[in-house]
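This report describes how the parts of one chain pack together. Please look over the sequence and the model before reading on.

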Amino acid sequence: MDTNWRPIQGSDPAGGGGVDLNAPGPAGGDWRTQLRPQARTRVVNKIAKVLKKHLPVPVPEDLTKIQNIAVRFEEKVYATATNQSDYRRKIALKLCVVDEKIPQVPENAQIKPGPG
């Protein structure tokens, strides 16, 4: 798993409609310019950690999938949040929902591949 993920300007590591980091902010400044890339990396890693707690990870490739899910989710919240408080609130709310609604997978659980 890549714990040093940082958004790369002009590309979308997760595929699909990414965030244009070069887009000008609204008049009066944009809250996104004040959010350090390290903060976004920590948020992505926290999302991935919560997802790993609740989803089986039988093979290393699944870790990459979970990381990509975390990246895409963070990018969507980042793009739609109106300010840093809204960004943090949306992330925290979603993580709480995941913690409450999805049963936790025991660490020593043996995951058997499904049919097909």
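## Contact of H1 with H2

Arg40, Val43, Val44, Asn45, Ile47, Ala48, Leu51 and Lys52 in H1 meet Leu63, Ile66, Gln67, Ile69, Ala70, Val71, Phe73, Glu74, Glu75 and Tyr78 in H2. Contact here means heavy atoms within 4.5 Å. These residues divide into 12 nonpolar, 2 polar and 4 charged. Ala, Val, Leu, Ile, Met, Phe, Trp, Tyr, Cys and Pro count as nonpolar, Asp, Glu, Lys and Arg as charged, and the others, Gly among them, as polar.

Helix H1 covers residues 37-54 and helix H2 residues 60-80; they pack at an angle of about 130°, with their axes 8 Å apart. That makes H1 oblique to H2. Angles under 35 degrees count as roughly parallel, over 145 as roughly antiparallel, 65 to 115 as roughly perpendicular and the rest as oblique. Axes are lines fitted to C-alpha atoms, for helices over the stretch in contact, and angles run from 0 to 180 degrees between N-to-C directions.

## Basis of the model

The model is predicted: local features need pLDDT of at least 70, side-chain atom pairs count only at pLDDT 80 or more, and totals for chains, interfaces and linings use all residues. Residues are numbered from 1 along each chain as its sequence is written, and side-chain values use heavy atoms, with hydrogens and water left out.

## Contact of H1 with H3

The axes of H1 and H3 come within 10 Å and cross at roughly 10°. H1 is therefore roughly parallel to H3. From H1, the contact uses Arg40, Val43, Lys46, Ile47, Val50, Lys53 and His54; from H3, it uses Tyr87, Ile91, Leu95, Val98 and Asp99. Of the residues in this contact, 7 are nonpolar, 1 is polar and 4 are charged.

## Aromatic residues

The structure holds 3 aromatic pairs (ring centres within 6.5 Å, using the six-membered ring of Trp; planes under 30 degrees apart are stacked, over 60 edge-to-face, the rest tilted). Trp31 and Tyr87 form a tilted pair, 5.7 Å centre to centre with 45° between the planes. Trp31 lies in the segment before H1 and Tyr87 in helix H3 (residues 84-101), so the pair ties together parts that are 56 residues apart in sequence.

Trp31 is buried, with a relative accessible area of 11%, and Tyr87 is buried at 2%. Buried means under 20% relative accessible area, exposed over 50%, and partly exposed in between (1.4 Å probe, protein chains only). Trp31, Tyr78 and Tyr87 form one aromatic cluster.

## The chain overall

The chain has 3 helices and 0 strands. Helices (H or I, at least four residues) and strands (E, at least two) are DSSP runs, numbered from the N terminus. Of its 116 residues, 27% count as buried.
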